[in-house]
Amino acid sequence: MKSIIKKVIAQPGEKHKVEDFDPAFTGNISKEEAHIRLTENVRKLAKLQNKLYAEDRHALLLIFQGMDGAGKDGTIKHVMSGVNPQGCQVFSFKQPSAEELDHDFLWRIHKGVPERGRIGIFNRSHYEDVLVTKVHPEVLLKTKLPNVRTKEDITRKFWKQRYGQINDFKRYLTETGVTVLKFFLNVSKEEQEKRFISHLEDESKNWKFSSSDFEERQYWDEYMKAYSDMLTYTSTDFAPWYVIPADNKWFMRYVVGEIVCDKVTKLKPQYPAVTESTRQEIEKYRSMLTGNNVKEGEESASLQEQMEYTEASPV
């Protein structure tokens with residue numbers, strides 16, 4: 001797995017281009033093995049989550065970014081299929097509401113950060129504010145920033161500040177007990193086309209149709225440039241980007257599952273230690289319950305013996 005991680009991680013401090021990462025990469029693992037490993041990791045993650053929830057000291061935030069059709073929904077569904085819903089929360093960030101536009105761009109994001117003991121999932125996130133806004137700078141004009149009134153105000157300095165704000169936010173979360181894992185699901189333009197066609201031809205997937213998905217496809221090159229800048233300027237030591245090959249869904253889900261399980265394992269979550277007084281209480285009530293069970297069993301046996309005696313006695 002280490003060799004795969006080396007291939008998919010966007011090394012902090014280096015300049016990155018999306019095209020440097022192969023969306024069809026599958027390493028030296030077979031589809032069958034990947035399925036087996038994913039199943040194992042789903043079970044493992046379920047056990048780890050129980051401890052994470054009980055310990056109530058750490059939180060895990062998974063961030064998924066990618067072009068439409070990259071497989072964000074499916075990956076979340078398969079990797080997190082064994083997780084207890086009570087300890088997990090998912091947010092899908094859409095176009096900001098009027099209320100959200102009246103706040104800073106991280107306001108709605110911070111409200112979605114998971115509590116201690118929980119796993120939070122962002123299906124798209126604040127990184128849209130350095131992706132969509134870069135491709136469509138007119139969107140920024142709606143945010144009512146005092147220093148951004150025209151497109152000419154959106155300078156290189158502005159983007160540098162915004163990347164810095166995002167990095168500072170991630171550092172703050174990390175330092176306060178929130179482990180952040182960031183996944184960019186890297187799908188090729190050709191594979192995206194195949195999936196769009198599949199959604200159109202399969203009635204069970206027609207509901208996924210959105211004209212905006214096709215319209216945004218026209219800006220593919222612009223998005224790849226924006227994603228490249230995102231990887232370059234926001235992949236950090238405390239929250240690096242994992243560029244997950246997404247052309248093969250089975251491999252994508254396997255790699256994400258491996259990374260998530262590995263990270264939670266390293267947190268070493270433990271069930272809270274039981275105090276001596278609590279242990280004594282447990283023993284007390286265990287003895288009481290065990291004693292009651294024995295008495296009930298004895299009473300049942302005695303009643304059965306009486307019934308058998310009565311039936312056997314002469315009238």
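The following dialogue takes up the terms used for this predicted model.

Guide: Residues are numbered from 1 along each chain as its sequence is written. In this predicted model local features need pLDDT of at least 70 and side-chain atom pairs pLDDT 80 or more, totals for chains, interfaces and linings use all residues, and side-chain values use heavy atoms, with hydrogens and water left out.

Visitor: What makes a residue count as buried, and what percentage of the chain is buried?

Guide: Buried means under 20% relative accessible area, exposed over 50% and partly exposed in between, with a 1.4 Å probe and protein chains only; by that rule 44% of the 315 residues are buried.

Visitor: Why is a set of residues called a nonpolar core, and which members touch the most others in the largest one?

Guide: The name applies because its members are buried Ala, Val, Leu, Ile, Met, Phe, Trp, Tyr and Cys residues joined through side-chain atoms within 4.5 Å. The largest such core has 79 residues, and Leu-62, Met-80, Phe-183, Tyr-227, Leu-231, Ile-244 and Val-260 touch the most other members. Its largest share, 11 residues, comes from H11, where helices (H or I, at least four residues) are DSSP runs numbered from the N terminus.

Visitor: How do you know how the chain's radius of gyration stands against that of a compact globule?

Guide: The radius is taken over C-alpha atoms, and the globule rule is 2.2 Å times the number of residues to the power 0.38. For 315 residues a compact globule would have a value near 20 Å, but the chain has 27 Å, and its C-alpha trace spans about 105 × 45 × 40 Å along its principal axes.

Terms used. Helices (H or I, at least four residues) and strands (E, at least two) are DSSP runs, numbered from the N terminus.
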